[in-house]
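Hello,

Here is the structure I promised to hand over. Please look through it before you read my notes.

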Amino acid sequence: MLTGPDDLRVALDVIGIFAFAVSGGLVGVRARLDLFGVAVLAWLTGLGGGVVRDVFLGDVPPVGISDPRSIITVLVAGLVVVGVRPWILDLTRRNPDLRLGGIGSAVRHLDAVGLAVFAVAGALKAVALGAPPLACVFVGGITAVGGGAIRDVLVGQVPEVLRREVYAVPAVLGAALVVVADQLGMLTTAVIWSTVVLVFVIRVAAIHLDLNIPTAPQQGARP
Amino acid sequence: MLTGPDDLRVALDVIGIFAFAVSGGLVGVRARLDLFGVAVLAWLTGLGGGVVRDVFLGDVPPVGISDPRSIITVLVAGLVVVGVRPWILDLTRRNPDLRLGGIGSAVRHLDAVGLAVFAVAGALKAVALGAPPLACVFVGGITAVGGGAIRDVLVGQVPEVLRREVYAVPAVLGAALVVVADQLGMLTTAVIWSTVVLVFVIRVAAIHLDLNIPTAPQQGARP
Amino acid sequence: MLTGPDDLRVALDVIGIFAFAVSGGLVGVRARLDLFGVAVLAWLTGLGGGVVRDVFLGDVPPVGISDPRSIITVLVAGLVVVGVRPWILDLTRRNPDLRLGGIGSAVRHLDAVGLAVFAVAGALKAVALGAPPLACVFVGGITAVGGGAIRDVLVGQVPEVLRREVYAVPAVLGAALVVVADQLGMLTTAVIWSTVVLVFVIRVAAIHLDLNIPTAPQQGARP
């Protein structure tokens, strides 16, 4: 039973690190990196957003590289991906459609979990350290999208946050809700978890309904 | 009428953020990103150099994510690009040559504005915070080239600063002039604006005269 | 004769900056960048790891942009590469196989030198600044792999640290040995240099024996 805000933030951090790390590892498997490349990509994706957050808030060395809970979480996530890697490689060799479709879908859903908890956890930490409200919203947004952007740039893709889907909007919205709740003195555990769920639901709805911000017809992201 | 050095630095920051943000948004339009991708790329390009500067100077949270003037400037720049986007897409569809030529030229000139004001604004802030002279020059240079480098890496291009043209040299020169003027006690508004104009003129001359640092014949930047 | 730990750290920094800077410059030559692009890539590669280390440790402005010894080292390295550039371009034009083979081999060996000394120098600095042991290990590892990762991302390649070879493992091992030696009160000059040599030997052995962490058969890093 989590009651204190610090416990809650650690719980959110652990969930976010795990989800992002697995997403990074899967992207590494899809890019046919070796075992260690997969593990490094998992680590960078899992910890990247939080490290950028801590550098921006002046909380150095960043928790992501000094707190044993972060490190253990990211190592376990790396091991999970390394463990399922042969099975995924085998499956995608027999069914090539799975490679982009199945792995892509898993990556997006894990990414949605990480996005939701990191947006809230990032804003919570900024609020706790007394940053100005506007900065708290941005720090939350950056924490949420940072790990995924690092992951995509490292394997040579245009980051998800720049591509077609509703991505940064729910993250910024979630961070803003945390800041507003804090200003109103309503930053309870229930409000925090509801915000996480809201961001996750919006993001997953966007994935499933292909609910994109309207664009003119186009032929692809990198012509 | 700007008289105080702080007012002047804010004015330079606003101009640089606006110019870089529009350049980032146009690169996003050219890469056929959706509306939100265009806005995010505008934001990262506009604020990126200043955020790196503030992290290097230990001024966290960075002004770029906490000062309302920065945020409003970058939002307005994003809206401008989003507003002209359909018109550009339409124009470039009817005249494909415009896509690389016209947009590329607009991006380069806006980039030159941002480069000039950020080189000076970055060095000014480093001087104001009492960094060592050599660090002030480098911080100015990094502030100037940082946003554009982030923009180019995110859309999968080799950054302008590594490509053929005179780019970082005028930025470093401008930052060095600020530091020298400060050491001589001559850091007046007139000297500051003259330095901005000098950097801009050198960079634009390089664009127009194709005045490159001499290179051996070559077949392209990414063989 | 180096006796004090600070002298030793400066010596390691200078060696690492030089080796990484030359590796970055050579990658720039191979990518057919112009003279200034080569110099900038040399600079970013040489100083990148140390700058990230200093930001993570809160030691700003980073030594890499404020210490004249770092700057002079990186400038000399840039001049060396610019000096040998016409000769390399000529040689590789007559013998195209050299371009990937010969330059690639030189880059990897220089990278191994930088990796070894930066892993140790990064951990030493983190220990000296009193960071927690786990953070010291990570800071050492990041210092070692950071510059090379920046170099590779900037020219559009998947970073070495994510590719097939034993790369980050020896760096993290070297940093861990420094931390353990510090805890045991055995952080002597002999131990430090032995650790550097150990990391270098493991990495070079991996290059020569193609001693990779086992992977399933695959068709290439970026399918």
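Below is what I found, starting with how to read the model.

This is a predicted model, where local features need pLDDT of at least 70, side-chain atom pairs count only at pLDDT 80 or more, and totals for chains, interfaces and linings use all residues. Residues are numbered from 1 along each chain as its sequence is written, chains are lettered from A in the order in which they are written, and side-chain values use heavy atoms, without hydrogens or water.

Chain A has eight helices and zero strands (DSSP runs: H or I, at least four residues, for helices; E, at least two, for strands). Of its 223 residues, 55% are buried (under 20% relative accessible area, 1.4 Å probe, protein chains only). Chain A exposes about 8700 Å² (Shrake-Rupley method, 1.4 Å probe). Carbon and sulfur atoms supply 70% of that area.

Now chain B. Helix α6(B) covers residues 133-154, and helix α7(B) covers residues 168-183. Their axes (lines fitted to C-alpha atoms over the stretch in contact, with angles from 0 to 180 degrees between N-to-C directions) come within 8 Å and cross at roughly 140°.

Which residues of α6(B) meet α7(B)? Among them are Pro133(B), Cys136(B) and Val137(B). On the α7(B) side, the residues include Ala168(B), Ala171(B) and Gln183(B). Contact means heavy atoms within 4.5 Å. The contact residues divide into eleven nonpolar, three polar and no charged (Gly counts as polar, Ala and Val as nonpolar).

Best wishes

Technical notes. Buried means under 20% relative accessible area, exposed over 50%, partly exposed in between (1.4 Å probe, protein chains only).
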